[in-house]
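Thanks for coming, everyone. Please look at the structure on the screen, and I'll walk you through it piece by piece.

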Amino acid sequence: KKGLIIVLCVLLGLIIAFVGSFFVLRYMGFRGFHKNDTHIDNSNVKIEDETYITYKGQKYRLNKNIINILIMGVDKRDINDNSERGINGQADCIFLAAVDTEKKTYTIIPISREAMVDIETYTESGNFSGIKKEQICLAYAYGGTPKESSENVLKAVKRMFYGINISSYVTVDLDGMIEFSSMVGGVTLTSIETLDDKFYEGEEYTLSGRSALNYIRARGKDIDANNRRMKRQKQFLSALLSKAGNQVLDDFTKLSDYYNAMQPYTSTNVDLAKLTYFASTCLSRDIGSKMVYKSIDGTMSESKYNEFNINEDQLLDLVVETFYIKA
């Protein structure tokens, strides 16, 4: 009997330790996402206190249930066309995910790679050379390492969104989509565009490996080419996250399998604590179908490159609508 009691006590201790570790990680993850919560920095916004603002005569409360993750897909092709830029490639697709952990709502804001924003620039030797208005995709090229490149895009996006708390990022080499799409068994969708005799509008395809990469990477040269590609990337992202998320919910060990497989293709500051908090509070079945996409308005123009010029008034409305609640 004494031996049985000892065994039971040991098992109970292990269970308590495991549960305790889970909740400690979960709390640390929550703190990690929210340690830099800040208000909008804009002259049209009056800050009342650490919680409330007034905008256009309406009082708003900062929604502290929202966590933000910047998702970037990096393309390393054609990286040597300008000697003053780095060798890490460009941020070819950029999405800001704002997840309300209480209401289980998922807002995705696609950011055009051609959006003209203020970015920090650096010399080849890594010395800061000033802030320029350039395509946001080039912010990634100025970093010396994937971490530095990702953080440079992050700073540009945070500046673009008027200083709202965006501190977490996941950067994936687009070549990693070959691995990931294959791991989940491919995703089935209907092509929304005819592309180089590889895909035909209205036809259904199961995209896996190289075909998945071709679908999200292909881009024409006309002024609206990137906007069409963003629609395909949005379609693919929703389908991929739904399938992968469902697989994780069915078998939680899949999370570590995916995490380990994507390590060679990924740069991120989402650590185990943040990942634990996100997985335990944010995952739901068919997550891709529940994502609400919000567009940034602007106009296209042509100079040396295509340029997307942001409608600042609409963007400010969008930021307030997304990250605040009417008081």
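Let's start with a sheet. Four strands build an open sheet here, in the order β1-β2-β3-β16, and the pairing is antiparallel. Its edge strands are β1, residues 45-47, and β16, residues 324-326. Each of those two pairs on one side only. On average, neighbouring strands in this sheet are turned by 35° against each other, ignoring direction. One note before I go on: this is a predicted model.

Take Lys46 as an example. Which residue in β2 is its bridge partner? The partner is Thr54.

Helix α8, residues 312-323, lies across β1, β2, β3 and β16. Its direction is about 80° to β16.

On to the other sheet. How many strands form the open sheet with mixed pairing? There are 6 strands, and the order is β12-β9-β4-β5-β6-β13. At the edges stand β12, residues 266-268, and β13, residues 291-293. Each has a single partner strand, so one side of each has no neighbour in the sheet. Neighbouring strands of this sheet are turned by 20° against each other on average, direction ignored.

Strand β6, residues 105-111, runs parallel to β13, and 3 bridges join the two. There, Thr107 stands opposite Val292 in β13.

Helix α2 spans residues 146-160. It lies across β4, β5, β6, β9 and β12. Against β9, α2 runs at about 125°.

Next topic: helix against helix. Two packed helices are described by the angle between their axes and the distance between the axes. Keep those two numbers in mind.

Here is one pair. Helix α4 is residues 210-217, and helix α5 is residues 225-250. Their axes come within 8 Å and cross at roughly 140°. That makes α4 oblique to α5. Who touches whom? From α4 come Ala212, Tyr215, Ile216 and Arg217. They meet Arg229, Arg232, Gln233, Gln235 and Phe236 in α5. Sorted by class, this contact has 4 nonpolar, 2 polar and 3 charged residues.

Stay with α5, and turn to helix α6, residues 253-262. How far apart are the axes of α5 and α6? They are 6 Å apart, and the packing angle is about 130°. That makes α5 oblique to α6. In this contact, Ala244, Gln247 and Val248 of α5 meet Lys254, Leu255 and Tyr258 of α6. The classes here are 4 nonpolar, 1 polar and 1 charged.

Searching the whole structure turns up 4 cavities of 30 Å³ or more. The largest cavity holds about 1100 Å³ of space. Its lining is made of 39 residues. Which of them lie nearest the centre? Those are Ile71, Val170, Val172, Phe180 and Leu241.

And what kind of residues line this cavity, by class? The lining divides into 32 nonpolar, 6 polar and 1 charged. Our helix α5 comes back here. It gives the largest share of that lining, with 8 residues.

So, to recap α5. This helix meets α4 through residues such as Phe236. It meets α6 through residues including Val248. And it supplies 8 residues to the lining of the largest cavity. Please find α5 on the screen and trace those contacts yourself. That's my tour, thank you.

Key:
Residues are numbered from 1 along each chain as its sequence is written. This is a predicted model: local features need pLDDT of at least 70, side-chain atom pairs count only at pLDDT 80 or more; totals for chains, interfaces and linings use all residues. Side-chain values use heavy atoms; hydrogens and water are left out. Axes are lines fitted to C-alpha atoms, for helices over the stretch in contact, and angles run from 0 to 180 degrees between N-to-C directions. Angles under 35 degrees count as roughly parallel, over 145 as roughly antiparallel, 65 to 115 as roughly perpendicular and the rest as oblique. Contact means heavy atoms within 4.5 Å. Ala, Val, Leu, Ile, Met, Phe, Trp, Tyr, Cys and Pro count as nonpolar, Asp, Glu, Lys and Arg as charged, and the others, Gly among them, as polar. On a 1 Å grid over the protein atoms alone, a cavity is a set of points where a 1.4 Å probe fits but cannot get out, and a pocket is an open set with protein on both sides within 12 Å along at least five of seven lines; lining residues have an atom within 4 Å of a point. Grid points are joined across faces, edges and corners, and a volume is the space filled by probe spheres set on the points. Two strands pair if DSSP finds at least two bridges between them.
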